[in-house]
Structure formats: structure tokens, C-alpha cells
Amino acid sequence: MTATPTSLPAEKAATGLLAHARHIVTENPVTGLSFGLFILFLLAGLVGPHVVPYDPLASDTAAALAPPSAAHWFGTDQLGRDIFSRVVVATRLDMTIAIASVALVFVVGGLAGLAAGYFGGWTDQVVGRICDTIMAFPLFVLAMGIVAALGNTVTNIVLATAIVNFPLYARVARAEANVRRDAGFVQAARLCGNGEWRILLGQIMPNTLPIMMVQVSLTMGYAILNAAGLSFIGLGVRPPTPEWGIMVAEGAAFIVSGEWWIAFFPGVTLMLAVFCFNLLGDGLRDLVDPQRRT
Amino acid sequence: MNVHTNHPPVPLLEVRGLTVEFATRRGTVRAVEQVDLDVAKGETLAIVGESGSGKSVTSYTVMRILDRAGRIAEGSMTFSGVDLVAASEKQVRALRGREMSMIFQNPRAALNPIRTVGRQIEDVLKEHALAGSADAKEKAIAALTEVRIARPEERYDAYPFELSGGMCQRIVIALALACRPQLLIADEPTTGLDVTTQKAVMDLVMELTRARGMSTLLITHDLGLAAAYCDRVMVMEKGRVVETALAGTIFKAPSHAYTRKLMRATPRGGVTLRDLLPEGSDLTPPEPRPAAATDGTPLLTVTSLVKEYPKKGVGLTLARLMGRGTDEDLTPFRAVDGISFAVGRGESLGLVGESGCGKSTTSMMVNRLTDRTSGSLVFDGIDIGAIPARQFARSPLRRRIQMVFQDPTDSLNPRFQVGRAIADPILRMGTPMNGAALKARVEELARLVGFPEHLLDRFPHQLSGGQKARVGIARAIALDPDLVILDEPTAALDVSVQAVVLNLLQDLKIKLGMSYIFVSHDLEVVRLLCDRVVVMRAGRIVEQGMTREVLSNPQDPYTRELLSSIPHPPV
């Protein structure tokens with residue numbers, strides 16, 4: 001009641017984003033669900049290793065191959081390690097790989113694509129040919145090759161995942177920058193004395209964000225799958241480090257003998273993570289697009 | 001309020017109490033409310049209104065092509081005995097095209113870009129079983145001949161992008177009329193076309209409809225056009241019909257206040273800028289800025305300016321490399337062909353011509369966004385043409401030459417709050433100032449252009465067209481430029497908004513002592529705003545002189561043609 005009329009628009013602007021987020025979540029419950037899952041994964045990654053009931057590396061041969069029970073929610077593996085603890089602890093590693101590779105390719109691929117679309121000419125040619133070269137390989141095989149050549153480290157998995165995603169980012173950013181290079185507001189920015197790079201980064205880049213956000217979310221799921229896949233075939237993280245891909249690989253041998261839980265729970269978690277990021281993409285796009293915020 | 005003087009008893013189209021609602025995120029919006037309208041056989045009715053008046057929604061509803069969010073809430077529509085509200089989609093589809101058809105605003109968008117125009121006409125004929133594969137081509141060529149397309153046999157194989165805007169609109173008309181419908185709905189058929197093309201297209205539509213005894217529903221924002229070509233005029237405001245009258249009477253004795261306001265705001269001969277404003281506006285002229293001592297030289301002198309574009313294409317590149325190809329293929333296209341003119345200090349110069357005449361290219365060279373091929377551009381003693389466009393952003397002269405763009409929506413970054421857009425030139429080129437001083441300056445500019453200060457933190461899509469135009473103007477004058485290029489700044493605005501913006505521009509010019517180059521195809525607007533005028537055609541200047549003289553006593557036949565094409569209401 002004490003608010004003066006002049007302060008009203010400011011308050012409105014502050015709550016605008018929250019209200020908008022609430023609107024998106026309520027309008028599309030699937031988006032809300034994926035936001036919830038995302039927060040869960042985030043929490044597991046941040047505090048997981050401190051709250052899990054068992055040490056993920058401690059083996060207990062007496063309790064080996066125990067099915068899911070109250071003591072071991074997801075059961076135990078052939079060495080008696082608690083699968084629930086391992087799944088939760090693995091979240092941090094898998095998410096780190098995914099986020100780091102996506103952040104890397106977002107910056108590098110995004111910038112390359114923006115420059116290609118905006119400047120055209122030889123910049124466009126160079127970026128275009130790099131994309132073509134990468135796309136010429138089956139992406140997973142290329143990632144395998146990179147990791148095999150550079151060595152079996154987390155850094156190289158991040159690098160390989162980023163490289164195979166490069167064309168996706170570069171092409172989307174290129175298309176978005178290209179349609180705007182002669183837009184009225186870009187001309188106006190030139191008249192305002194903005195240099196070319198400032199126009200590209202200050203004026204055009206923000207307009208490409210909504211679609212790039214969708215791209216981030218979609219490739220985040222792919223990056224997780226890629227990292228797990230590399231580990232699955234033995235080219236990524238090495239055992240006994242808890243990692244979803246390795247756990248599925250280790251459990252695969254026991255499915256035929258009936259111990260389904262060893263591969264099942266890490267597999268389901270992997271699926272949920274990919275699923276969550278794919279759905280998140282749509283929600284994110286709505287959140288960052290000012291046109292939808294009315 | 002309907003005037004039923006020369007109506008036959010049964011109208012072809014009868015709409016009663018039509019109400020259309022749209023479901024939006026913020027609830028239901030009524031776009032059209034209680035609209036009654038009749039179109040008799042052979043009659044031409046114009047629906048006139050500004051954007052948001054519901055004129056287009058009315059026509060879409062009649063055609064039953066409302067988008068999914070829209071719904072007919074109330075009312076009845078009868079078209080030659082068929083109840084259009086109750087009719088099934090299948091029944092309506094049979095009517096569409098054959099019994100009633102529509103011409104859209106943007107002819108290029110209405111044509112399939114990857115199909116030849118002849119084939120597109122054939123498609124319509126075949127769809128309605130009016131032609132078989134044997135005689136389709138013949139009938140399509142006949143349709144092209146009818147809309148006066150020169151060399152129809154050749155044009156039959158042309159793609160839409162190979163034809164001019166006026167030609168495309170003729171093709172669209174040919175498509176619409178191919179099945180000899182009884183009712184033609186023309187939704188802003190000439191918006192975006194040149195005034196001479198507009199006249200040709202409208203004359204054609206009227207002649208064809210008259211010859212076939214068709215009825216026409218013309219949707220337009222241009223009262224002059226409506227009155228010049230239609231029997232009756234219906235004026236809409238905010239979804240409601242405010243007045244329906246015979247074209248002759250509506251101009252002599254407009255009965256509704258809104259019609260009077262609309263008529264006042266329409267630029268026409270014998271009025272001043274102030275006359276366009278609604279009655280009771282503040283008409284005090286602004287305080288002129290004391291003129292700085294000058295030596296009488298013009299601010300900008302353009303001499304023999306040329307802009308060439310090389311022709312493109314793989315074949316041509318090869319031909320050029322191998323030293324082959326005809327001379328015609330290899331000579332570059334001259335968009336601007338050696339023009340010379342001057343802009344005095346505090347003067348406003350009109351740059352007039354039809355699309356493709358080189359007026360926009362000229363303005364882009366003057367504001368240094370495009371490089372010239374040859375010639376000189378002397379601005380205040382310096383040849384700015386010699387500075388490459390890419391480097392001009394860093395030149396101290398950049399802040400002295402600014403521009404207001406044609407499309408206020410396109411010229412504002414959708415992701416910036418408009419206050420930030422106005423502050424942009426100050427941040428880049430102004431004297432460095434702190435946040436509070438910058439905010440104060442932006443607010444001062446907003447006041448200067450009459451933009452509500454509390455809207456400065458809005459995004460462009462939350463503002464109206466007129467408000468966005470004001471933001472564009474505020475940004476252009478933020479650094480007190482000497483020369484402002486106005487590229488059809490009111491082309492995208494409603495007439496009443498245009499009247500206010502034109503007056504604002506005039507006041508600002510006097511207040512700040514700026515010079516204007518006003519690029520336009522609208523001679524009536526140029527007459528009101530400009531001291532001198534340059535008429536361009538095909539890259540050359542055909543005539544220049546004082547506006548009054550050129551427009552009242554044109555020397556060049558082309559200027560005369562332009563002037564005679566402006567639709568004049570029957571008086």
C-alpha cells in the first residue's frame with residue numbers, strides 16, 4: 001500500500017521473469033516436469049557424493065549381486081558395490097562432461113557461425129568447409145577416433161564431444177546471423193557508430209539466443225549420451241570410476257543371468273537425463289524469448 | 001445508417017451483427033463487433049479503417065479463412081443464398097475461388113516462388129474443373145492477356161521473382177478472376193506498390209469487375225483510393241462500423257467524428273501540415289534555434305554520384321574470366337547514374353521516385369552505409385564519399401549524419417528495451433556521461449519526440465507503430481545531427497499517426513536547426529514537408545526545384561504522370 005505509482009513498473013519488471021517462468025511451467029506441465037528433473041540432476045551432481053548411503057567404490061563381496069532391497073535401493077553389482085550410490089555419484093562426472101563440452105562448443109561454434117553468417121565471404125567459406133569435413137564422418141565414430149588418438153582422459157572426451165557438435169552450433173548461428181545482417185536495427189546500429197564486432201556480439205548475438213538455447217538443451221542430452229557411449233565401449237572414463245556408461249557396460253553381461261538391475265538403473269537414469277534436456281529445450285526457448293513475454 | 005439508394009432488393013453478400021472473437025493469452029479479444037454490411041451485385045464497397053480496425057478480419061471471416069484462434073461469436077453471413085456461418089468447410093471450399101476470391105496485400109508472398117506463373121493459373125483452373133490438360137495452357141494465356149500482361153506467351157514460363165511487384169499483382173488478379181467469381185475481395189491490393197502501378201492495377205480491377213458485373217469489396221486504409229474507385233465507403237474503427245455512405249457524400253459531408261478525423265489527416269492539395277492534426281491540437285510553432293553563422297555554402301553537395309552493381313551468376317563469372325560474353329551482360333547495373341544535387345543548411349529536400357529509381361541507394365550512400373562507385377559527396381567541406389563505409393562508424397562525422405528508417409519495427413532491436421535503443425548513439429559516440437545523466441538525456445529526448453517516459457523500459461513489440469516511430473526519431477536526433485535522412489518514415493503508419501509524426505519532424509527541424517533528406521514516393525507528403533524536391537527515375541534526376549513549383553507546374557512528363565496517378569476523390 002505504500003508503493004508509489006512510479007515504482008510500480010520497476011516492481012513489475014522484477015517479478016516479470018518469475019511470473020513468466022510460472023506461466024510457462026503451468027501452461028506446459030511437461031516443461032515443468034523437465035525443470036523438476038533438471039533440478040534433481042543438478043542437486044545430485046552438487047551434493048550427491050556427500051549424501052549417498054555407501055562409498056561408491058567400496059566392494060563388499062558378501063553382498064554381491066543382491067537385488068534391489070531396502071538396504072540397497074538399486075541392488076548391488078558383482079563386487080557388492082551399492083548401485084544407487086554409484087548412480088548418484090556418477091551424475092557429477094557425466095554432467096561435468098556434458099556441460100563443459102556444450103559450453104565449449106556454444107562459444108566456439110556459436111562465434112564461428114555468427115562470424116560466417118555476418119561477414120560472409122572467406123569466413124563463411126572456411127567455417128562451412130570445417131562443418132562439411134566434420135559432418136562427413138559418422139559423428140560417434142569421429143568422437144571415438146579423437147579420443148583414441150588423443151588419449152583416454154576426461155578432457156579429451158569433452159573436446160571430442162565439442163568437436164562433433166561444432167557443425168550443429170555453427171550452422172544454426174550462421175543462419176540466424178545471416179538473416180539479420182542487413183536488418184533495419186543492424187543498419188541503425190551502424191549509424192550509431194557501432195563497430196562490426198560490436199554489432200555482431202551486441203546486437204545480433206542476443207537475437208540468436210532463443211534458438212541457441214534450444215540447441216544447447218538438445219545437444220546437452222546428446223553430449224551425455226556421447227560421453228556414456230564412449231565409456232561404454234571402453235574409450236572414456238575407466239573403471240572403477242562410477243560413470244553411467246561403464247555401469248551399463250558392466251551390467252550388460254549379467255542381464256542374461258537375471259541380474260537386470262545392474263544395467264537397468266544407470267540406463268534409466270541416462271535415459272531420464274537425455275529426456276529431461278530435450279524437453280527443457282522447448283521451455284527454455286519460451287523463457288528467453290521476449291516476444292513471448294507479454 | 002446504410003444508404004440504400006441504388007440497391008437491388010437482394011444483396012449478393014449480406015452480413016448482419018457479425019462479431020468475431022480471438023482467444024489470446026490475456027483472454028478473449030473482440031476484433032469485430034456487430035458489423036452489418038451489404039454488397040449488391042455489381043457494386044463496389046470499400047471498407048476503410050486504420051490498423052486494428054477489424055477491416056481485414058471482417059474480410060477473412062467472410063472468406064472463412066480466420067486463423068484457429070478466431071471464432072465467429074455472433075451474427076449471420078449470407079452469400080447468394082448460402083449461409084456462410086453454418087456452411088461446412090467442404091461447402092465453403094467450393095465457393096472459395098469459384099464464387100468469391102481474394103487478392104492479398106503482398107503479391108509476391110501470395111504466389112508460389114518455385115512454380116511458373118502460367119502453371120499456377122492452370123492449377124486454379126484445373127482445381128475447379130474449368131480446364132482440362134488439353135486447353136489449360138491456352139486458357140492460362142488468355143487469363144494473362146486479360147490482365148494486360150505484355151507478351152503473355154513468354155510470361156507464361158516466368159517465375160514470380162522474374163516479374164515486378166505490379167506484374168505479380170496482375171498475376172494474382174488473374175488467379176483470382178480465373179474462375180469468374182461473383183465477389184472479389186481485395187485486401188490492400190496496392191499497398192507497397194508505386195503510385196503509377198497502383199493506378200494501373202486499380203484501373204484494371206475496376207474495369208474487369210465492371211465488364212463482368214462482379215461485386216468488389218475493397219479493404220484499404222486510404223480514404224482517397226476508396227472514394228476514387230468505389231460506389232460506397234464503409235468506415236470502421238476499433239471493430240465497429242462508424243459510417244457507411246456513398247463515396248461522393250462521405251467526402252462532402254462526413255457525418256461521424258472519426259471519419260472527419262481520418263479525412264483531416266489525409267495529406268492532400270491545398271492544406272498545410274498543421275491542418276492534418278485533429279481539431280483542438282496545440283498549433284503553436286516551436287521556438288527556432290538561432291541560426292549559426294554560415295558562409296552560405298550548402299551542407300551537402302552531391303556531384304555526379306554513381307553506384308554500380310556488377311551482375312552476378314555463375315555463367316557470367318565464367319564469361320568474365322574467359323573474356324567472353326556480350327557487352328550488355330558484362331556492363332554492371334547502374335542503380336544511381338551520375339546525379340548531382342545540394343542540400344542547404346536547415347533545408348528539407350524531398351527525394352521522390354518509384355521503387356527501383358535509386359532513391360534508397362542514394363540515401364544509403366549519403367548516410368555512408370554503402371560505398372559509392374564514383375562521384376563526390378561533400379559534407380561541410382569534406383568529401384565523405386572517400387571514407388569507406390566500413391570505417392565511417394569511427395569517423396567523427398558519423399554523429400552528424402543520421403537516419404530514420406522506413407520500418408519502425410525492423411529498425412529496433414527486438415531484444416533491447418527502447419530506452420537502451422535511444423541511448424545507443426550516446427554511448428557509442430556521445431560525450432561520456434554517468435548513468436543518471438544518460439537516463440536524464442534519454443528522458444529529455446523522449447519528451448522531445450512526445451514518447452511517454454514510463455514506456456522507456458518496454459520492448460519494441462510492446463509498443464504501437466507510432467510509438468516505435470518516435471523511438472526511431474529520438475535515436476536519430478540523440479546527438480544533434482546536422483543532416484537526417486528520413487527514409488519513408490511514415491510509410492508503415494496509419495494516416496492519423498502519420499499526421500502527428502510529420503508535424504513532429506517539422507517542429508524538430510525548426511527547433512534543432514537540422515537539414516532533412518526526405519525519401520518518399522508520396523508526393524502529397526513531400527509537398528507538405530519539403531522546401532525543394534528532386535524527382536528521380538531509373539537512377540537519374542529528371543527534375544528538381546522548389547516543391548511548390550515542381551508540383552504545381554511540372555516540366556517533365558514523368559513528374560506529370562506521377563502527379564496524375566495520385567487517387568483523387570470525386571469532389
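Predicted model: local features only at pLDDT ≥ 70, side-chain atom pairs only at ≥ 80, totals over all residues.

Trainee: Why is Lys238(B) called exposed?

Mentor: The relative accessible area of Lys238(B) is 67%, and the word exposed is kept for values over 50%; Lys238(B) is therefore counted as exposed.

Trainee: What makes the phi of Lys238(B) worth a remark?

Mentor: Most residues other than glycine have a negative phi. Lys238(B) is not a glycine, and yet its phi is positive, at about 50 degrees.

Trainee: Ser80(B) also has a positive phi although it is not a glycine; where is Ser80(B) placed, and what is its phi?

Mentor: Ser80(B) is placed in the loop between strand 4 (70–79) and strand 5 (82–83) of chain B, and its phi is about 35 degrees.

Trainee: Why is Ser80(B) called partly exposed?

Mentor: Its relative accessibility is 38%. Buried would require a value under 20% and exposed a value over 50%, with partly exposed in between, so Ser80(B) counts as partly exposed.

Trainee: What is said of Gly465(B) by the relative accessibility scale, and why?

Mentor: Gly465(B), which lies in helix 18 (residues 465–477) of chain B, has a relative accessibility of 32%. That value lies between the limits of 20% and 50%, so Gly465(B) counts as partly exposed.

Trainee: Which residues does Gly465(B) touch, once its neighbours within four places in sequence are left aside?

Mentor: Gly465(B) is then in contact with Pro408(B) and Leu493(B), where contact asks for heavy atoms within 4.5 Å. Glu127(B), by comparison, is 338 residues from Gly465(B) in sequence and 40 Å from it in space, C-alpha to C-alpha.

Trainee: How do you know that strand 11 and strand 14 of chain B pair?

Mentor: Pairing asks for at least two bridges, and strand 11 (residues 300–309) and strand 14 (residues 374–379) of chain B have five, in the antiparallel sense. Within this pair, Thr301(B) stands opposite Val378(B) of strand 14.

Trainee: What makes strand 14 and strand 15 of chain B a pair, and what do they form?

Mentor: Strand 14 and strand 15 (residues 382–383) of chain B share two bridges in the antiparallel sense, and at least two are asked for, so they count as paired. Phe379(B) stands opposite Ile382(B) in strand 15. The two strands form a hairpin with two residues between them, and Asp380(B) in the turn has a positive phi of about 50 degrees.

Trainee: What makes strand 16 and strand 20 of chain B edge strands?

Mentor: They belong to an open sheet of six strands, in the order 16-17-18-13-19-20, with mixed pairing. Strand 16 (401–404) and strand 20 (540–546) of chain B each pair on one side only. From one strand to the next, the twist averages 20 degrees.

Trainee: How do you know that strand 13 and strand 19 of chain B pair, and what packs there?

Mentor: Four bridges join strand 13 (residues 348–352) to strand 19 (residues 532–537) of chain B, and the two run parallel; Leu351(B) has Val534(B) of strand 19 as its bridge partner. Helix 22 (residues 557–565) of chain B packs on the sheet, touching strand 13, strand 19 and strand 20, and its direction makes about 100 degrees with that of strand 19.

Trainee: What does chain A contain?

Mentor: Chain A has 10 helices and zero strands. Of its 294 residues, 49% count as buried, a word that asks for a relative accessible area under 20%.

Note on methods. Residues numbered from 1 in each chain as written. Chains lettered and ligands numbered in written order. Heavy atoms only, no water. Buried < 20%, exposed > 50% of the residue type's maximum accessible area, 1.4 Å probe, protein only. Axes fitted to C-alpha atoms, helices over the stretch in contact; angles between N-to-C directions.
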